[in-house]
Amino acid sequence: MIEILEEHPDDVVEKELASVWALNEDEQIDLVALAWFGRGDGDTSDWDDLRHQAAEAHNNRTTAYLLGLPLLPDYLEDALDHFGESSAAAMEGKL
């Protein structure tokens, strides 16, 4: 299990998260807001406020910030669940 926590030059997860740079600014903002939402920083009625806060905090370190959230996959899955979506649908591009 220690290998999971170690950094590897060919880390697939890090490469996938690094692809956040390929997202446009609005998509990056949405991703950060989803992470915050899934972390429990608000409920569905707070979405616009969370997204506004994410827009104000947006900078060129979005990927590094997201990599620093150890529970990011859980946060994103929880956020999608709150909106009635599934991570499987997101992975298939159905959202």
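A residue is called buried when its relative accessible area is under 20%, exposed when that area is over 50%, and partly exposed in between, with a 1.4 Å probe and protein chains only. On that basis, buried residues make up 26% of the 95 residues in the protein. The model is a predicted one, in which local features need pLDDT of at least 70 and side-chain atom pairs count only at pLDDT 80 or more, while totals for chains, interfaces and linings use all residues. Residues are numbered from 1 along each chain as its sequence is written, and side-chain values use heavy atoms, with hydrogens and water left out.

**Overall make-up**

Helices (H or I, at least four residues) and strands (E, at least two) are taken as DSSP runs and numbered from the N terminus. The secondary structure comes to seven helices and zero strands, which along the sequence reads as the pattern α-α-α-α-α-α-α. Where contact means heavy atoms within 4.5 Å, 58% of the contacts between residues at least 6 apart in sequence join residues at least 24 apart. The protein exposes about 6,700 Å², of which carbon and sulfur atoms supply 53%; accessible areas come from the Shrake-Rupley method with a 1.4 Å probe, and for residues only the protein chains shown count as cover.

**Salt bridges**

Side chains of opposite charge can pair when their charged atoms come close. A salt bridge is here a side-chain nitrogen of Lys or Arg within 4 Å of a carboxyl oxygen of Asp or Glu, and by this rule the count comes to three salt bridges.

| Salt bridge | Distance, N to O |
|---|---|
| Arg-51 and Asp-26 | 3.5 Å |
| Asp-30 and Arg-51 | 2.4 Å |
| Arg-39 and Asp-41 | 2.5 Å |

The side chains of Arg-51 and Asp-26 meet in a salt bridge, and this pair links distant parts of the chain, with Arg-51 in helix H4 (residues 47-57) and Asp-26 in helix H3 (residues 25-39), 25 residues apart. Arg-51 counts as partly exposed because its relative accessibility is 23%, and Asp-26 is likewise partly exposed, at 46%. Arg-51 also meets Asp-30 in a salt bridge, and this pair too links distant parts of the chain, Asp-30 being in helix H3 and Arg-51 in helix H4, 21 residues apart. Asp-30 has a relative accessibility of 28% and therefore counts as partly exposed.

In the salt bridge of Arg-39 and Asp-41, Arg-39 is partly exposed at 35% relative accessibility, and Asp-41 is partly exposed at 36%. Salt bridges that share partners join Asp-26, Asp-30 and Arg-51 into one network.

**A negative surface patch**

Which residues form the negative surface patch? It is formed by Asp-74, Glu-77, Asp-78 and Asp-81. Patches are made of residues with over 30% relative accessible area and no salt bridge, like charges being joined within 9 Å and nonpolar side chains (Val, Leu, Ile, Met, Phe, Trp, Tyr) within 5 Å. Lys and Arg count as positive and Asp and Glu as negative, while His and the chain ends are not counted; the place of a charge is taken as NZ of Lys, CZ of Arg, CG of Asp or CD of Glu. Asp-74 is placed in helix H6 (residues 72-82) and counts as partly exposed because its relative accessibility is 41%.

Ala-33 lies in helix H3 and is buried, with a relative accessible area of 0%. Leaving aside its neighbours within four places in sequence, Ala-33 is in contact with Trp-47, Leu-50, Arg-51 and Ala-54. Ala-33 and Ala-55 are 22 residues apart in sequence, and their C-alpha atoms are 8.6 Å apart in space.

Ala-35, also in helix H3, is buried with a relative accessible area of 0%. Beyond its neighbours within four places in sequence, Ala-35 is in contact with Leu-66, Leu-69, Leu-72, Tyr-75 and Leu-76. Ala-35 and Pro-73 are 38 residues apart in sequence and 8.4 Å apart in space, C-alpha to C-alpha.

Is Gln-28 buried or exposed? Gln-28, placed in helix H3, is buried because its relative accessible area is 4%. With neighbours within four places in sequence left aside, the contacts of Gln-28 are with Val-20, Trp-21, Leu-23, His-58 and Thr-62.
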